[in-house]
Amino acid sequence: MTDLTHLDGDGRARMIDVGQKAETARMAVARARFVTTAEVLALVRAEGLPKADVLATARVAGISGAKKTSELIPLCHQVALSSVTVDFELGEDSIEIEAVARTRGQTGVEMEALTAVTVAGLTLHDMVKAVDPAAMLTEVRLEQKSGGKRGNWQRSLWQRSTGHAASDAPVSARTRGAAGRTARVIVASTRGAAGEREDTTGPVIASWLRRHGYETAAVSMVSDAGMAGALAEAVDAQPAVIITTGGTGVSPTDATPEATADLLDRELPGLAEALRRRGSEATPMAALSRGLAGTAGRTVVINLPGSPGGVRDGLEVLDPVLDHLVDQVSGSARHVEPAHEESAHD
């Protein structure tokens, strides 16, 4: 389709009639980058700015903005949003903003997701302007959407098929090495799957994977009882990486390790123990995690805990090893002997 749908035959703006469209589940993911200074990021982490909790305020603003999209953009329909999540990843001198909007209806939620990241970014600017008036909101873009007659759309795949230039942002060597690989994120949460709690871990993992160059589908949230089926379906798709979060404890409903064990060809006990050890530095409860790591064919499968802190700690462990692990499993890595420092006795 090459026509601008918001113009009528005479070139006048119009609101599209969606009355004959089928109702389907629809989802959209948008992202933006808020560029500031290392000093500001340090203050955000320490909650040292004068205007209250910066990220919490920006998150609420983004969600509120999504709800008011039809009031801000004249030709947008009113959409009954089923959920909106706004998440942040802090870098050295920037904050990555991601919004996921969902509905079931006759029109999509791309504009709601884009409005959410934009309003969240503008709120960040308002919160930090006293310290950094030169801060910038950049790279506002739709990353993926699903639902409706046209089905799924993903920016990275579209760029590859059309030759459209990607962002001018610098690409790290690690990201270049992972280009073209796919990943899945599955959240085990019975309450979340029922719409009773917000997903605070899945989007963080998905954002981390994308920054490492992995094409990542929309996060799947399933009940604990549904994890086995969701994980088996994900393995059948043969992504390079599957990361799960939640369901690794000892409650009667926690079933992620059992679902994972049924699919693994080989376990990676050293990696699983490294994840527990890192978590134990923050809380002794991390020792209760039964999470596994291993391979299913050429797919790396890793269980992370269900808490935001446990996910953050787990990603810190995976950061230096995941790409090398994926290279080894895919057969593309050269064998390199580990370097050891000489001991005083050598």
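These notebook entries record what I looked up in a predicted model of one protein.

**Entry 1. Overall make-up**

I began with the whole chain. The protein has 346 residues, and 42% of them count as buried. I then looked up its secondary structure, which comes to 13 helices and 12 strands. I also checked the contacts with a sequence separation of 6 or more: residues 24 or more positions apart account for 75% of them.

**Entry 2. The largest nonpolar core**

I turned next to the largest nonpolar core, which holds 30 residues. Within this core, Phe34, Val86, Phe88, Ile95, Ile97 and Leu124 touch the most other members. I noted which elements give two or more residues to the core: strands S1 (24–35), S2 (81–90) and S3 (94–105), together with helices H1 (38–45), H2 (54–67) and H4 (110–128). The largest share, 8 residues, comes from H4.

I followed Phe88 as one example. Leaving aside residues up to four places away in sequence, Phe88 touches Leu55, Ala58, Arg59, Ile95, Glu96, Ile97, Ala120 and Leu124. Apart from this core I found another, of 29 residues, and its members include Ala183, Trp208, Val300 and Leu318.

**Entry 3. Helices H2 and H4**

I examined how H2 and H4 pack. Their axes lie 7 Å apart, at an angle of about 145°, and the crossing of H2 past H4 is right-handed. From H2, the residues in contact are Val54, Leu55, Thr57, Ala58, Ala61, Gly62, Gly65 and Ala66; they meet Glu112, Thr115, Ala116, Val119, Ala120, Thr123, Leu124 and Met127 of H4. By type, I recorded 10 nonpolar, 5 polar and 1 charged among the residues of this contact.

**Entry 4. Gly121**

Is Gly121 buried or exposed? I found this glycine in helix H4. Its relative accessibility is 0%, so Gly121 counts as buried. Not counting residues up to four places away in sequence, Gly121 touches Phe34, Ile97 and Leu137. I also looked up its distance to Ala61: the two C-alpha atoms are 9.2 Å apart in space, while the residues are 60 apart in sequence.

**Entry 5. Helices H11 and H12**

I then moved to H11 (residues 269–280) and H12 (residues 308–318), whose axes come within 9 Å and cross at roughly 130°. The two helices are therefore oblique to each other. H11 passes H12 in a right-handed crossing. On the H11 side, the contact is made by Leu271, Ala274, Leu275, Arg278 and Gly279; on the H12 side, by Asp313, Gly314, Glu316, Val317 and Leu318. I recorded 5 nonpolar, 2 polar and 3 charged residues in this contact.

**Entry 6. The buried residues of H12**

Which residues of H12 are buried? I listed Gly310, Val311, Asp313, Gly314, Leu315, Val317 and Leu318. The elements covering them include helix H8 (202–211), strand S9 (241–245), H11, strand S12 (299–304) and helix H13 (322–330).

I looked up Asp313 separately, which has its place in helix H12. At a relative accessibility of 8%, Asp313 falls below the 20% cut-off and therefore counts as buried. Not counting residues up to four places away in sequence, I found that Asp313 touches Arg278, Gly279 and Ala282. Of these, Arg278 and Gly279 belong to the H11 side of the contact with H12.

How values were computed
Residues are numbered from 1 along each chain as its sequence is written. This is a predicted model: local features need pLDDT of at least 70, side-chain atom pairs count only at pLDDT 80 or more; totals for chains, interfaces and linings use all residues. Side-chain values use heavy atoms; hydrogens and water are left out. Axes are lines fitted to C-alpha atoms, for helices over the stretch in contact, and angles run from 0 to 180 degrees between N-to-C directions. Helices (H or I, at least four residues) and strands (E, at least two) are DSSP runs, numbered from the N terminus. Angles under 35 degrees count as roughly parallel, over 145 as roughly antiparallel, 65 to 115 as roughly perpendicular and the rest as oblique. A crossing is left-handed if the near helix is turned anticlockwise from the far one by less than a right angle, and right-handed if clockwise. Contact means heavy atoms within 4.5 Å. Ala, Val, Leu, Ile, Met, Phe, Trp, Tyr, Cys and Pro count as nonpolar, Asp, Glu, Lys and Arg as charged, and the others, Gly among them, as polar. Buried means under 20% relative accessible area, exposed over 50%, partly exposed in between (1.4 Å probe, protein chains only). A nonpolar core is a set of buried Ala, Val, Leu, Ile, Met, Phe, Trp, Tyr and Cys residues joined through side-chain atoms within 4.5 Å.
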